[in-house]
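Reader: I have a protein model open on my screen and would like to walk through it with you. Could you help me read it?

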Amino acid sequence: MPLEDKINLESLSEINKIKNSLISKMLTYSLVGSLCFLTINRNVVWQDDIALWSDAINKSPKKARPYTNIAAKYQRLGMFEEAMNNAGKAVKLEANFVPGLQYMVDIYYEDGRIEDCIKELIGLSNRYPNSHHLFYFIGQAMFFGGNMEGALSNIKHAIKLYPEFPIAKKDIQFIKDYKKILGKKTDDKLNKAETLNIVGMVLARKGRVDRAIRLFSESITANPSFSEAYDNLGIIYLKRGYASEAIKIFINAVKYAHNPIKAMNHLALAYIKNGELIKAEKEFKRVLELDSGNKEALNNLKMLNKIN
């Protein structure tokens, strides 16, 4: 990300302070948030939560939220049948309950049963034909399944039911933009690696970073020369503070990219985070050899020169 900030170097004693601040700014990304490194016994905590929400269900069996919350806990424990069962109950109780719909799609997708999810949601749509959220999540499930035409059709129908639906409008544009990037027609299905990468990006945008990491990794396994998946995975690793690992990933992103400039800029930022400022400077200069007017490289190189 280009930097515009001006820095005054008033004394040598301030160099380290300014350097740390500068590096922090240069490593600001929009894809994911920061990681909280708290170590807890997750299974114990989640089992306690399951008991809590089971009690809530017993007390209020006709409320959707307790079923959704317990579904989320089961999902994190890898108990997908229990998770799907409870998410389904939440949606059947309240077809417009967004958390229930979101977890239903996520759980089915993670368990490799997205087509079953689509069938269930379509069945519900026959009972609730005016639920704009329901059609939106049918579209999202189809998107996760790689059916771009179905995704666009259902999300557009959701907007028709509720014209003031900003997230649906953004997703329509998101899908269209990716169709252009991938050079596909709207009725084509994406290949496996591309689909995994795009779904990973969607999950990362929604804050589901761990699952996004898994999908980017699966995308790379499906196509070991897919530069964009390397780049997306490297960004997340870098944000989480794993600079050395990010460097290795970005090197592959550069290696396999048809146009490596974006990945080269990211690699340079990873070098900065890892304290390898000379390598970062060389990488930014390599960018400028390919694109002499690249603003990100120019601005960041200028900042580096001020602290060297």
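This is a predicted model: local features need pLDDT of at least 70, side-chain atom pairs count only at pLDDT 80 or more; totals for chains, interfaces and linings use all residues.

Reader: What share of the residues in the protein chain is buried?

Author: A residue counts as buried when its relative accessible area is under 20%. The protein chain has 308 residues. Of these, the buried ones make up 50%.

Reader: And what part of the contacts with a separation of 6 or more comes from residues 24 or more positions apart?

Author: Here we look at the contacts in the protein chain that have a separation of 6 or more. Residues 24 or more positions apart account for a share of 55%.

Reader: Let's turn to helix pairs. Are α10 and α11 roughly parallel or roughly antiparallel?

Author: Helix α10 covers residues 192-205 and helix α11 covers residues 209-222, and their axes come within 8 Å. The axes cross at roughly 165°, in a left-handed crossing. An angle over 145 degrees counts as roughly antiparallel, so α10 and α11 are roughly antiparallel.

Reader: How do the residues of the contact of α10 with α11 divide into nonpolar, polar and charged?

Author: On the α10 side the contact includes Leu-196, Val-199, Met-201 and Leu-203, and on the α11 side it includes Arg-211, Leu-215, Phe-216 and Glu-218. Sorted by kind, the residues of this contact come to 10 nonpolar, 3 polar and 3 charged.

Reader: Are α12 and α14 roughly parallel or roughly antiparallel?

Author: Helix α12 spans residues 227-239 and helix α14 spans residues 261-273, with their axes 11 Å apart. They pack at an angle of about 20°, and α12 passes α14 in a left-handed crossing. Angles under 35 degrees count as roughly parallel, so α12 and α14 are roughly parallel.

Reader: Which residues of α12 meet α14?

Author: From α14, the contact takes in Lys-262, Ala-263, His-266, Leu-269, Ala-270 and Lys-273. The residues of the contact of α12 with α14 are 5 nonpolar, 1 polar and 3 charged. On the α12 side they are Asp-231, Ile-235 and Leu-238.

Reader: Is Ile-235 buried or exposed?

Author: Ile-235 sits in helix α12. The relative accessible area of Ile-235 is 8%, and the cut-off is under 20%, so Ile-235 is buried.

Reader: Now the aromatic rings. Is the pair of Tyr-230 and Tyr-256 stacked or edge-to-face?

Author: The count of aromatic pairs comes to 6. For Tyr-230 and Tyr-256, the distance is 5.8 Å centre to centre and the angle between the planes is 20°. Planes under 30 degrees apart count as stacked, and this pair is stacked.

Reader: Which helices hold Tyr-230 and Tyr-256?

Author: The two residues are 26 residues apart, and their pair links distant parts of the chain. Tyr-230 is buried, with a relative accessible area of 9%, whereas Tyr-256 is partly exposed at 28%. Tyr-230 is in helix α12 and Tyr-256 is in helix α13.

Reader: Which residues are in contact with Asn-86, leaving aside its neighbours within four places in sequence?

Author: Asn-86 is part of helix α4, residues 80-93, and counts as buried at 9% relative accessibility. Its C-alpha is 6.4 Å from that of Thr-68, 18 residues apart in sequence. With those neighbours set aside, the residues in contact with Asn-86 are Ile-57, Tyr-67, Ile-70, Ala-71 and Tyr-74.

Notes:
Residues are numbered from 1 along each chain as its sequence is written. Side-chain values use heavy atoms; hydrogens and water are left out. Axes are lines fitted to C-alpha atoms, for helices over the stretch in contact, and angles run from 0 to 180 degrees between N-to-C directions. Helices (H or I, at least four residues) and strands (E, at least two) are DSSP runs, numbered from the N terminus. Angles under 35 degrees count as roughly parallel, over 145 as roughly antiparallel, 65 to 115 as roughly perpendicular and the rest as oblique. A crossing is left-handed if the near helix is turned anticlockwise from the far one by less than a right angle, and right-handed if clockwise. Contact means heavy atoms within 4.5 Å. Ala, Val, Leu, Ile, Met, Phe, Trp, Tyr, Cys and Pro count as nonpolar, Asp, Glu, Lys and Arg as charged, and the others, Gly among them, as polar. Rings of Phe, Tyr and Trp (its six-membered ring) pair if their centres lie within 6.5 Å; planes under 30 degrees apart count as stacked, over 60 as edge-to-face and the rest as tilted. Buried means under 20% relative accessible area, exposed over 50%, partly exposed in between (1.4 Å probe, protein chains only).
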